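Q: I'd like to learn how to read helix packing and sheets in a model. Can we go through one together?

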Amino acid sequence: MKRLRFILQKEFRQMFRDRTILAMMFMLPLIQLGILPLAMNLDVKNINLTIVDKDHSTYTQKLISKIGASGYFKIVATAPAYQQALITLENGKADVILEIPASFERNLIREGRQPLNITVDAINGTKSGIGSAYLLAVIHDFNQEIRVMSNGQPATAPATIDMASSAWFNPYEKFTWYIVPGILVLLLTLVGGFLSALNIVREKEIGTIEQINVTPIKKWQFILGKMIPFWVVGMIVLTIGLLVARLFYGIIPLGNLFVLYLLAAVYLVALLGFGLLISTISNSQLQAMFIAFFFIMIFVLMSGLFTSVDSMPVWARSIAASLPITHFMKAVRMIILKGSGFKDVLPVFMIELLFAIGLNALAIWNYRKTQ
């Protein structure tokens, strides 16, 4: 333990002399959690809309007013014909065209139905899909609200089914509530993967690894001494991240914080083992950085941070299941948003423990102390 204490003293001194690491330790969670959830918001607003109104009736004015008041659309143009409206779509001025045919009001009163034409710019698939869905929802509401009067009496309307829905675990369906726990995982992954990957290889570049190799310190003590300081940094980053989530977005973990920290502690050990493994096989910091970047990019894209793992192809789901970040991402969202306890995340805990043991064993085995 005395040898381990000496190497820990050396590592902590080196770390606190490095202003970049200190800055990253405090600025990384503030910037990533303070800016990214707002910039990555998938709520689509200010959808540019061109309207072709061929009816000019009272009903069309009510419908247009309702669309404008929804807060999602900005009516950028009105056109007398569809071909003229299409020009606004082609030059990028409009995202959606709503064509209201002539005799809209008359057909609605007499026949109780009137089809409308919606044209969307599908280059941005997300915006077009959400925009058309918003417009259909507004038209549906308008359709429900109108009461077609015939001779002073309500017209006979087909029976309708009223539905009520509720959103559990994210009652206001805020995208920030979904993405903030994911970015917390991303922060720990960056700290565990990148910083540790550059550590041992830096000793090789500056030549101090040879001095360490002639000391009686054992391989596991050396790896443990390299790991513990970054593990402490990771836990500090997690704490700052949780505070930022609380202060900026009002997100309070519903689950037990001890369970969250316990799971994060094991996940960090696994990631640090992975970073140290990269560091032992690399000959320069540049090489280590590129290898770490390659794998962490795959980890993040397949973790479920941006897209649902369940919607991936079978082969992609298999790869995702073999990554520690995928399981940790799911467990963190369960603890923070759902209030899951240790029993619920026990399978994830065991998986992360296996990753931690396996990756660190590989890092210790691959470290050539006699080189």
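Q: Which hand does the crossing of H10 and H15 have?

A: In this predicted model, H10 crosses H15 in the right-handed sense.

Q: What describes two packed helices?

A: The general idea is to give the angle between the axes and the distance between them. Here, H10 and H15 (residues 342-366) pack at about 120°, and their axes are 9 Å apart. That angle makes H10 oblique to H15.

Q: Which residues make the contact?

A: On H10 they're Lys219, Trp220, Ile223 and Met227, and on H15 they're Asn360, Ala363, Ile364 and Trp365. Sort them by type and you get six nonpolar, one polar and one charged.

Q: What span should H10 have, and how far apart are its end C-alpha atoms?

A: Count 1.5 Å a residue: the 31 residues of H10 (219-249) should span 45 Å, and the end C-alpha atoms are 44 Å apart, so the two agree. Just after H10 comes glycine 250, with a positive phi of about 70°.

Q: Now the sheet: what is the order of its strands?

A: It's an open sheet of four strands, E2-E1-E3-E4, with mixed pairing.

Q: In which sense do E1 and E3 pair?

A: E1 (residues 47-53) and E3 (residues 96-100) pair in the parallel sense, over five bridges. For example, valine 52 has glutamate 99 in E3 as its bridge partner.

Q: Which strands does helix H3 touch?

A: H3 (residues 58-69) packs on the sheet and touches E1, E2 and E3, with its direction at about 175° to that of E1.

Definitions and conventions
Residues numbered from 1 in each chain as written. Predicted model: local features only at pLDDT ≥ 70, side-chain atom pairs only at ≥ 80, totals over all residues. Heavy atoms only, no water. Helix = DSSP H or I, 4+ residues; strand = E, 2+ residues; numbered from the N terminus. Expected span 1.5 Å × (residues − 1). Axes fitted to C-alpha atoms, helices over the stretch in contact; angles between N-to-C directions. Parallel < 35°, antiparallel > 145°, perpendicular 65-115°, else oblique. Left-handed = near helix turned anticlockwise from the far one by under 90°. Contact = heavy atoms within 4.5 Å. Nonpolar A, V, L, I, M, F, W, Y, C, P; charged D, E, K, R; others polar. Pairing = 2+ DSSP bridges.
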